[in-house]
Amino acid sequence: MSNALALPVRSNVSVDLESLPQTAGLSCGLEWPARPPLVPLGAPSPEEPHIALNSDEPGIRGLFRYRPDAALPLNALSEVLLCGDSTLTRGERELIAAYVSALNQCRFCFYTHAAFAAVRSPDGMMLVEHVCADLSTAPVSEKLRALLAIAASVQESGKKVTRRQVADARAAGATDVEIHDTVLIAAAFCMYNRYVDGLATFAPDDPEVYAARAKMANGYLAVFAESQAQA
């Protein structure tokens with residue numbers, strides 16, 4: 001059986017899962033978070049989604065199950081942005097995703113990507129919490145700090161990104177591709193956050209729900225294919 005998944009929006013495009021890097025989703029082998037991150041995220045999740053879904057999976061996972069034809073290109077975008085070749089590490093990119101999700105107070109997306117980021121940092125969840133509490137003093141590189149500041153501006157509005165912010169990122173060593181990808185990660189996660197919360201999906205507080213998902217060895221497309229095969 002072929003592992004190629006056809007993208008329904010363009011019939012001549014497919015994703016060959018066998019060609020994806022085997023290390024795309026691997027963790028660095030550190031301990032997985034044993035508690036939810038201490039970041040204010042507003043009101044708890046609602047008890048029922050706005051529409052009847054066809055599974056009890058939480059957050060965006062339930063929406064992917066409900067609309068798999070839309071889920072595939074969304075997972076492909078996440079694969080490129082967070083797992084693809086980049087001079088930013090997987091952990092740095094996951095931290096950008098978690099930070100934007102925290103600013104949007106999206107419980108499911110924040111918990112998910114905070115777990116991904118935490119296991120790729122020696123400081124674990126404490127780093128994620130510090131970035132969310134006070135980016136100016138967080139123990140990250142000056143380049144990542146400048147990129148996170150750009151991501152925070154995108155979260156408010158694309159027009160909030162200033163030439164000074166871009167200049168500061170370049171001065172700290174960021175390339176134009178890294179600046180581009182930061183803006184796109186931030187914009188994409190604003191979309192994901194609004195997708196998840198706009199349909200009132202549920203976000204469990206149990207960290208094991210997110211750790212179990214993040215422990216899966218491959219990237220987003222492979223995990224999506226596995227979940228569809230189990231449907």
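Student: How much space lies in the largest cavity?

Tutor: About 380 Å³. This is a predicted model, in which local features need pLDDT of at least 70, side-chain atom pairs count only at pLDDT 80 or more, and totals for chains, interfaces and linings use all residues. Residues are numbered from 1 along each chain as its sequence is written, and side-chain values use heavy atoms, leaving out hydrogens and water.

Student: What makes a space a cavity?

Tutor: On a 1 Å grid over the protein atoms alone, a cavity is a set of points where a 1.4 Å probe fits but cannot get out. The points are joined across faces, edges and corners, and the volume is the space filled by probe spheres set on them. By this rule there are 2 cavities of 30 Å³ or more.

Student: Which residues lie nearest the centre of the largest cavity?

Tutor: Ile60, Phe64, Asn75, Arg213 and Tyr220, out of 28 lining residues. A lining residue has an atom within 4 Å of a point. Elements that give two or more residues to this lining are α1 (59-66), α2 (68-83), α4 (107-118), α8 (176-198), α9 (207-214) and α10 (220-229).

Student: What is the volume of the second largest cavity?

Tutor: About 50 Å³. Its lining includes Pro33, Tyr111, Met125 and Tyr210. Helices α4 and α9 each give two or more residues, and α9 gives the most, with 3.

Student: How do the residues of that lining divide by class?

Tutor: Into 9 nonpolar, no polar and 1 charged. Ala, Val, Leu, Ile, Met, Phe, Trp, Tyr, Cys and Pro count as nonpolar, Asp, Glu, Lys and Arg as charged, and the others, Gly among them, as polar. The lining of the largest cavity has 13 nonpolar, 9 polar and 6 charged residues.

Student: Why is α3 called largely enclosed by the rest of the structure?

Tutor: Because 13 of its 14 residues are buried, where buried means under 20% relative accessible area with a 1.4 Å probe, protein chains only. In the whole protein, 49% of the 231 residues count as buried.

Student: What span is expected of helix α3 (residues 90-103)?

Tutor: The rule is 1.5 Å times one less than the number of residues. For the 14 residues of α3 the expected span is 20 Å, and the helix reaches 20 Å from its first C-alpha to its last, so the span is close to the expected one. A helix here is a DSSP run of H or I with at least four residues, and a strand a run of E with at least two, numbered from the N terminus. The protein has 10 helices and 2 strands.

How values were computed
Buried means under 20% relative accessible area, exposed over 50%, partly exposed in between (1.4 Å probe, protein chains only). On a 1 Å grid over the protein atoms alone, a cavity is a set of points where a 1.4 Å probe fits but cannot get out, and a pocket is an open set with protein on both sides within 12 Å along at least five of seven lines; lining residues have an atom within 4 Å of a point.
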